[in-house]
Amino acid sequence: MFITLGLLLPHQYQVHRSQTITTTQPYAFNLLLDLKNWPSIMAWHRLAGVKNINVSTPSSGVGAHIELAHTLGHLEITIVKQSDNNLEFSLLINGEHVGAGRLTSTQSANETKIEWHISGMIHSSLFGGYVALYCEFYLEQMVISAINNMNTQVKLQATQ
């Protein structure tokens, strides 16, 4: 039954989140445009099983990438398109499972709305459904941490 359920579960994962931050400064989104900020913003050091994090030099712009080694797998993120209000990236999990993400920033009078969209596919036939569920949960936790930490960073920046 466990195997049958694994075969029937969808092999896709999706994370969609948006957050509005009260600020007129581009500081909040600029944190996300540089991959060297991602480990602290997403609190990767607090996730159990993280073994190593490598960030490319340069850490921003098209081609910049970050690698996260975990006891359960390996995640690579590479920026494929970037502008002042948009960041698109590719995901590669364990060298075979692909995904894509997009971050967008929309500014209005006194606030900035940041939207996250991440989706991908797990190609393992037997346990792919379970792995997709785990990936979706894990990525969702990273995004939630990022949103909370960005709010804190913006508040700290405003007091300085």
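The model is predicted, with local features needing pLDDT of at least 70, side-chain atom pairs counting only at pLDDT 80 or more, and totals for chains, interfaces and linings using all residues. Residues are numbered from 1 along each chain as its sequence is written, and side-chain values use heavy atoms, with hydrogens and water left out.

I noted the cavity rule: on a 1 Å grid over the protein atoms alone, a set of points where a 1.4 Å probe fits but cannot get out, with lining residues having an atom within 4 Å of a point. Points are joined across faces, edges and corners, and the volume is the space filled by probe spheres set on them. I searched the whole structure and found 1 cavity of 30 Å³ or more.

I then listed the lining. Among its residues are Trp38, Met42, Phe89, Trp116 and Met142. By class I count 11 nonpolar, no polar and no charged residues (nonpolar: Ala, Val, Leu, Ile, Met, Phe, Trp, Tyr, Cys and Pro; charged: Asp, Glu, Lys and Arg; polar: the others, Gly among them). The largest share, 3 residues, comes from α4. β4 (73-83), β5 (86-93), β7 (112-121) and α4 (128-159) each give at least two. Helices (H or I, at least four residues) and strands (E, at least two) are DSSP runs, numbered from the N terminus.

Next I checked Ala43, in the loop between α3 (38-41) and β2 (50-55). Ala43 is buried at 9% relative accessible area (buried is under 20%, 1.4 Å probe, protein chains only). Beyond its neighbours within four places in sequence, Ala43 contacts Trp38, Ser145 and Asn149 (heavy atoms within 4.5 Å). The C-alpha atoms of Ala43 and Asn149 are 8.3 Å apart, across 106 residues of chain.

Technical notes:
Buried means under 20% relative accessible area, exposed over 50%, partly exposed in between (1.4 Å probe, protein chains only). On a 1 Å grid over the protein atoms alone, a cavity is a set of points where a 1.4 Å probe fits but cannot get out, and a pocket is an open set with protein on both sides within 12 Å along at least five of seven lines; lining residues have an atom within 4 Å of a point.
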